[in-house]
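Here are my notes on the model you sent over. Have it open while you read.

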Amino acid sequence: MSADDEVLCSHCSLPVGLRAMERALNGESHAFCCYGCCIAFQVKSGRNEEWDAAWLLIRLGVGAFLSMNIMMFSLLLYSDAFTGVDADMLPWIHLLLWCLATPAVVILGAPYLREMWLNGIEGHVTSSTLIVVGVGAAYGYSTFAVFGHGPHVYFDTATMVLMLFTVGRYLEAVGRARAARDLEPLLAAEGGSATVVDGEAEVRRPVREVEAGMLVRTRPGERIPVDGLVVEGESSTDEAVITGESRPVVKSAGSMVIAGSICLDGPLLIRSMGAGTATHWAQICRSVREALSRRGPTQRLADRVVGVAVPLVLALGALAAAYWAQTLPFDRALLIGLAVLVVACPCAAGLAAPMATSLGVGRLARHGCLVREPGVLEALARAGLFAFDKTGTLTTGTARLVGVDRHGAGSEEVLAWAAGVLSHSEHDLARAITAAAAARGIKPVAALKVRAVPGRGVRGSVNGEPVAAGSRTLMTDLGWSLPPALAERVRSQEGCGHSVVYVGWRQHVRGALSLDDSPLPEAQATISALRGRGLNVVLLTGDLAPAARRISGLVGIDDVEAALSPEAKSAALDRHRQAHGVVAMVGDGLNDGPVLAEADIGIAVGSATDLARETAAIVLPRGGLWMLPWVVDVACAVRRTIRTNLMWAFGYNLVALSLAAIGLLQPILAAAIMAGSSILVVMNSLRLERLPDPVPPSQGQPSPAVMESSGVDVGVAMMSSAAIERG
Amino acid sequence: MTHYLVIFAAGFAGSFHCIGMCGGFACALGRDARGAGATMRRHLLYNTGRLTTYCFLGGLAGALGQVICTAQGVGTAPLLNGSVDVGQRLLAIVAGLLMIAMALQFFGLLQTFHRLSVGFGGSTLAMSLRSLLTARSPAAPLAFGVFNGFLPCPLVYAFIAQAAATAGALPGLLVMAAFGLGTFPAMLMMGGVGRAVAPVWRQRGVWLAGCGILLLGLITFGRGIFPSHAHIGHAWMPGFPA
């Protein structure tokens, strides 16, 4: 892959392809994927009252002036205004038309000629060749007719074809820029500028020059350019693009802000925590840029077809002209050949896939979902099976108290003693237990002399009495006995895959706390939404079977494969691939990276900010599992759009080509139709903008699974004491 | 010929409306430092560009009208004698209604329609074209005029509807040419002299333009409704192939 592939068009953010149009405008160099984008960009930047942009517009305006005049004089010719007495005028009118047409053809045709030449010396034949050959033939014949006193000239055809193609490409480019609108925030990271505060002075600087420790000011409505710490000011920020969080997040002095989020309602002074190019936003930007600059499989196929089509059409045009020349006057036959060339210009086909893909990618990006490979949306639309990882994907990934078994003490007492001694520990399980106690309003006993026993637990004393919480080994080490009834219940808890923490005081084990991971609130709804779309769902986990079965039961997955090593997961994916075709794997992207890479589509949830380690093709934002069905919908819509686009482009071409070849299509009409087909493809793609937004799981009516883990944030569910207590 | 004179007059009256939007451009185009001759050339170029676009659009609309009429004629001619007329009458009715709607706008009525007709992103295009106004090239005013002609404007729409109703490329072109020439004096005055017309006069001009368009619209509409005796429209343009 050459370096050129990574360049995106300055106007529409689509890849520029093999041959970029490069222009230096107002001191900055820009690359454009096509002539249309070049015009549209300069029209847009014409607002800056800069000379560079005006020059192109002047040329286009003069070209339009000339060709409109040619058209009007030709109209007079066609309405036989110069017959009879005025017939002497005819050669002079022709000469006048030639004088008007020559500069018009030069002005309007030069970009096409240049494109043809640049591609030609690299051995490519592109659609501009068709235009140049067609227009050149019409102009050449007419010039010959002017000086050879022939009866007809076709300067109007030559110039109007150029005009229509130019206008068509401009309109197309305007539509394409709309497609890139959603992507803009993701592509703007390094190109933007930041207001750097240096003592008293405030200077605008490119983001890439911002370094750690610099002070940056952001005004309401601006995008925060750097990761950093708020020094001064208060504002709510919109972090949707980076974290997927759709609600505004309030930031004030001391809060961290993320580059790429929008400062909504107040100015902020931010101390940068790293270089402007090292932010997550910049990483995301590079990743999206890279994804867009590569071509998906459909696009590669379309490109290949277009590559073959152009020489074929050239031959067809020549054949049509030769065939009709036997029965019709030469100029009429030439016009038919010209119509064939113009109408078969395969511009729309080249646009079909990238346009729809970039709209889809932008649509997803607006909600914090990142697509990192161009063809992946098409693949996702074909996926027959979704394999899920368990921990951290379908579950919260943090422990939660699910049961209290006790012997000779009340459950509240057990929790109070456990929380008292464990409140000094940073361990996951310890935090879950103290949080559970707090959630139930239990005041922890005050423990003193607390110290950790590495790998075993914690011990301390309350009113001089020893207290300990930890593993069974800790209890055995202390010589505290475990009542057989409690031991029995604990064994069944462990059988379910729960982790158990023993609590004891006064030389006895008094209770056992069972902890487990819990399913995410949205997991069940997500799984049923996927199944509702006719997709198969399977759980692939490295955890033990009992835990896997418990979670799969709660979220509604029937097909469970537990205790799998990473290799076994890959093997399982292979097996499923044979049964269901394309397989998508959903994981948290941290410990299942290789498996995500192994699947046809790797989807990582919750780690958009850890892109560097990702192997996933699609990254959903933290807590964004619920968006998965919507992502699948978008992918299906993108695939459908690409197909309809291609059908349009090729179908339209074939029908118009046949009409032109049998001589039913005027070249000017053919050019209008052709420009229309590209615009149709753009319009058809823009329908993707109307896809509904993802609907977050409703907060009002939680399903049972939702209830159980509604306290996800603190790692504990606020269950009723009856549900936990067993004793 | 009278027909075109009426349109010229309507264009002249309507140009007081032009002062609102296009007059601003003309002022911005301003005077050339090289003297009155150069200033005159600038503004003539600008207006020529505008006129060309108008004529082109008129020719296009006329041709479209012709296509509609012919298609209608081909489709029904074998069945109904003189049915070529049906298409033209239909066209006249539609064009007449459009013109009446545009005229009502000038009296401050039908504001939604106004937003619809002006809200085609015209202002964005106008903004973008600003670079042309300050460009030094002698061709810049011409280019600007050409683009200016495409900017959405109810006045232009009204006359394009009229041009379409003529159902011929050449008469359509001539309608727009007459209209465009009608707007010349006011626009040249705005640019060359750079003196603002008193708002009272502007308002009167706009009303006058509204009346003119309303009248034309009613006549066009009437031509579609009463084909047998109201041949005023046809009487106006003898000798032109329709």
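1. Let's begin with a strand pair. Strand E7 of chain A (residues 235–238) and E10(A) run antiparallel and share 2 bridges; two strands count as paired when DSSP finds at least two bridges between them. Across from A:Asp238 sits A:Ile262 of E10(A). Helices (H or I, at least four residues) and strands (E, at least two) are DSSP runs, numbered from the N terminus.

2. A word on ground rules. This is a predicted model, where local features need pLDDT of at least 70, side-chain atom pairs count only at pLDDT 80 or more, and totals for chains, interfaces and linings use all residues. Residues are numbered from 1 along each chain as its sequence is written, chains are lettered from A and ligands numbered from 1 in the order written, and side-chain values use heavy atoms, leaving out hydrogens and water.

3. Back to the sheet: it is open, with 3 strands of chain A in the order E8-E7-E10 and antiparallel pairing. Its edges are strand E8 (249–251) and strand E10 (262–263), each pairing on one side only.

4. Now the cysteines. A:Cys263 counts as buried because its relative accessibility is 0% (buried is under 20% relative accessible area, exposed over 50%, partly exposed in between, with a 1.4 Å probe and protein chains only). A:Cys369 is buried too, at 0%.

5. Last, helix H4 of chain A (residues 127–147): 15 of its 21 residues are buried. After H4(A) comes A:His149, with a positive phi near 55°.
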